[in-house]
Amino acid sequence: MNWLLALIQTLLFVSLAPLLAGWIKFCKCYLQNRKAPSLFQPYRDLWKLTHKQPVVSEQASWLFVIAPYIIFSAMVLAASVVPLIAVNLPTAASADIIVLVGFFAFARFFLTLAGLDVGTAFGGMGASREMTISSLAEPAMLMAIFTLTMTASSTNLSFAIGYVLEHGTVLRPSFIFALFAMILVAIAETGRIPVDNPATHLELTMIHEAMILEYSGRHLALIEWASQLKLMLYGVLIANIFFPWGIAEQLSFSALGYGLLNILAKLAVLALLLAVSETLFAKMRLFRVQEYLSFAYLLALLGLLSHIILES
Amino acid sequence: MILFLAYCAVIFSLLSGFLALLMRQRNTFSALFIYGLEKIPKLPQSYLQIINTCLSEKYYPLYLQRLVFFLLGISGVFAVLAGLSILINQGVETDQLSLGLPWLPWHVRFDSLSGLFYLIIGIAVIATSLYGPGYVKGYDEQHHPFAVLGLFTGIFIAGMLMVLLADDAFFFMIAWELMSVSSYFLVAFQHEQSANRRAAFLYLIMAQVGAMFIILGFGVLTSYADGYSFTFDALRHAELSTSWATIAFVLSLIGFGMKAGLVPVHVWLPEAHPVAPSHISALMSGVMLKVALYGMIRFCFDLLGDVQTQWGVVLIIIGAISALGGIFYALMQTNLKRLLAYSSVENMGIIFMVLGLSIIFQAQGHPEIAALGFIAALFHAFNHSLFKSLLFLGAGVIQHQVHELNIGLMGGLIKRMPHTSKLMLVACMSISSLPLFNGFVSEWLAFQTALQVDVLEDGVLRSLIPVAAAALALTAALAAACFVKVYGIVFLGQARSRNSEKAQEIDDKGMLAGLSLLAGLCFLFGVFPAIIIQFLNQVASQILAQSSANTINIDWLWLTPVSAEHASYAAPLVLMGVLIAGAICYRYLRRDPAMALRKSDTWDCGYGGLTPRMQYDCISFSMPLRRIFSKVWQIEETIDKQQQGAHSQQVTDIQYQLSIQDYSWAKIYYPIEKMVNHLARLVGRIQTGNIRVYLAYSFATLIVLLWMVS
């Protein structure tokens, strides 16, 4: 029963991810006085892409073809271990939050290799920049997570969230630092403004788009879906770790339904905030990104130290 | 019985070494054979033919080489068997050999810790012996005699195995020197180039200086031991004062750290590893560095016994500097084997850092968490020996086929070398610590140890350890960037030189078998880490003298350090999940035959004519990081532009030069060199070269001595 529920939660996660992307686009369009596409446009795009014949460069090797499947499954697996509507599901125990970061690294490894595979300047540029940014962002994220896991003395997400729920709203300075660090990292890792711009194909600005330039058809669909999943994963992580109230602790219908509504509302708010910040800020120069990320790193470290010095 | 297996491993590796000496004795054998034929004429025809072919000019070297490596493989198998049986038995075997000094026979002791390192060496030796015959075939017998290579390889391996067996300081140092000196000859094997001679000499100096420190360390212990005995048993019971124990620790850290390649005494590593033959670099980097780690653990945890918190702090700081320094320099290398050497510095740094954590927890009275850190360090050492050997052997294959070690001149090898590229992908994924591969598990355990910091009371330690964890996280992320670069530039993209365009897959089955063995183990222990961790549990309980052996609950499926609420990881479940998710979307999306892939040209922005020079290469790939962390390296970058036309607007030619130097040379080694030269000049002043002056010195010395005696 629990395993079935975990499976359903994962499927829900995977199927809701494009909706979140659509909602962000909707908010952004509204804020920028443009006419918004339907909320379900991302689903239509994915559908269209899976029904197109993929074109692969003659230079590409088997790695290029297999990479989208690996990236997508790594993200699905990551989605399966993050509590979305309920805690204490069995899949959460199979991989803790460090492994979750490992899944992201796994997907990124193949994405960058795929970018390098065709041997164009764009792919290499994207791969190089992606690895640079992630090698700064990943430790910052781990530090932010460690703050939480040391408070809860567990790296298991379910237990950690359970701990926060149990101890109620204690205003912890470490959590505030960690929250801000986490938000900064999430923006960098999901390739949003001001680090990367998901909407452009200008060579000077793009990182993620540069790597996937050669993809088409179902391969592109998988990668797009995977990056939507990644965005949602970060959203759910922020929402459920720092504001876990409402998540289902018992596995009853009402609790689950309430949990679902709760997480949808939280994600909608987070997405709205993202849309606002994307409207307000401009993209940074690439060599300013390290300042941004080292700020995140510093915040995370401060969070960790303030936990150690102040809270125990 | 177990000791017999251990001895067999040593004897077979020595045998293989001495057998290699017969490489040039074909004529002697032929003469013997003809002589023997006269005495015993009744041999069947088929035997005669076999012997004749064996002794023919063409086949004799080939068969001998195979035999030498076969014996080496047997030695490896014995080492694995010995290691496994002691780990399963959990016993301690001791023995005395009537070799050595008259009053000090060689003491032998074989416990779980030695057994684990026996296992590490055994696996690497088996892989090397599979790989060796194909690799040495290319050497010209005149310039690079196989006899030398084979002899010193055998002695080298025997030396390493003997270090693990040693139970007295005297035997330990003999074995240690056997290992150091024989590996010097292996580094100097291709001595016709002056750079190689220089690298080998540097290695020899550092090895000897290191050995000196180790001897001093043993000396400190011995002076406190019962009856100035050299046996480890006596050293274990030596009662040292805190300050002398710390002095002994520092001496051993310098000594073993020099061998292990910790920053700043790492400089021999990036020089020596690239010039040695690849299977030797695999052994040196994969295994010899671990022997240094063994020495450190034996000295620190076993002989000194009561570890102190400060030692752990020192190890953490030095380890963090090594880890970060190693990976930063690795990122900037263009020579593949140099890059791997720097990455070894990084990994040894990680191992020492985690060992430092373990010391801190042990000293603060938390033996269970100390055991967890100890296990994490040992597991990382084990994993590193697997994937680093694999990477070096793979680099050897690439060098063999592409005749090149410069990463910037490779590319597109994935299509021309399908098998090697897959095996190297496994290696790169393991070393980048991605889930499902072994590197990840040990890093995960290291993080779990660091996160236990809440049990400590000391505020400084409580804030130091998270910072160390942050350094570890940064190291891991940079390592991933580094190996994406390696794999992406070497195997993917288009060929950047004619050599890599013409490269072929290696046709020697043995070489591929050696690589496959290691790659298979990397994956196996990534998915089922419990196989090794249950052994490590015993090592930890034996060395840390801890009664509750099971720090990590062993289950083939779950890995749960401390408790299930705390953390758990089930790699088999993760693997299953990935396979299911991947298979479903693969099957579903490819069901329609009309949607088959269409091959087409790469998109070239409509300009046409993409050339391999337009790709990113290894220098451009790491450029953003070079710019962000520019203070870490000593960078000299020059761009010369030739300009023409009105106002010199038109650039006709650009020359770009980049040199990246290790700071430790400029800051430490050149000043030392200068000081030594200066001292030599001062001493030179009293050496006039005039015999009367020397006679006067002797006279004066004599007078002084007489005065002192009387």
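This report walks through the nonpolar core, the aromatic rings and the chain contact of a predicted model.

Residues are numbered from 1 along each chain as its sequence is written, while chains are lettered from A and ligands numbered from 1 in the order in which they are written. Because the model is predicted, local features need pLDDT of at least 70, side-chain atom pairs count only at pLDDT 80 or more, and totals for chains, interfaces and linings use all residues; side-chain values use heavy atoms, with hydrogens and water left out.

**The core.** A nonpolar core here is a set of buried Ala, Val, Leu, Ile, Met, Phe, Trp, Tyr and Cys residues joined through side-chain atoms within 4.5 Å. Buried means under 20% relative accessible area, exposed over 50% and partly exposed in between, with a 1.4 Å probe and protein chains only. The largest such core has 375 residues, of which Tyr118(B), Phe172(B) and Trp176(B) touch the most other members. Helix α15 (residues 367–402) of chain B gives the most to this core, 22 residues; helices (H or I, at least four residues) are DSSP runs, numbered from the N terminus. A second, separate core has 5 residues, among them Phe122(A) and Met206(A).

**Aromatic rings.** Rings of Phe, Tyr and Trp (its six-membered ring) pair if their centres lie within 6.5 Å; planes under 30 degrees apart count as stacked, over 60 as edge-to-face and the rest as tilted. The whole structure holds 46 aromatic pairs over all chains. In one of these, Phe172(B) and Trp176(B) are stacked, 5.9 Å centre to centre with 15° between the planes. Since they are 4 residues apart in helix α7 (residues 169–187) of chain B, about one helical turn separates them. Phe172(B) is buried at 1% relative accessible area, and Trp176(B) is buried with a value of 1%.

| Charged residue | Ring | Distance to ring centre |
|---|---|---|
| Lys230(A) | Phe104(A) | 5.8 Å |
| Arg627(B) | Phe287(A) | 3.9 Å |

**Between the chains.** The contact (heavy atoms within 4.5 Å) takes 78 residues from chain A and 79 residues from chain B. Together the chains bury about 6900 Å², 71% of it on carbon and sulfur atoms; buried area is the accessible area (1.4 Å probe) that two parts lose on being put together, summed over both. In chain A, Phe109(A), Arg218(A) and Phe287(A) lose the most area to chain B, together 9% of what that side buries.

Methods: Helices (H or I, at least four residues) and strands (E, at least two) are DSSP runs, numbered from the N terminus. A charge sits over a ring if NZ of Lys or CZ of Arg is within 6 Å of the ring centre and within 35 degrees of the ring normal.
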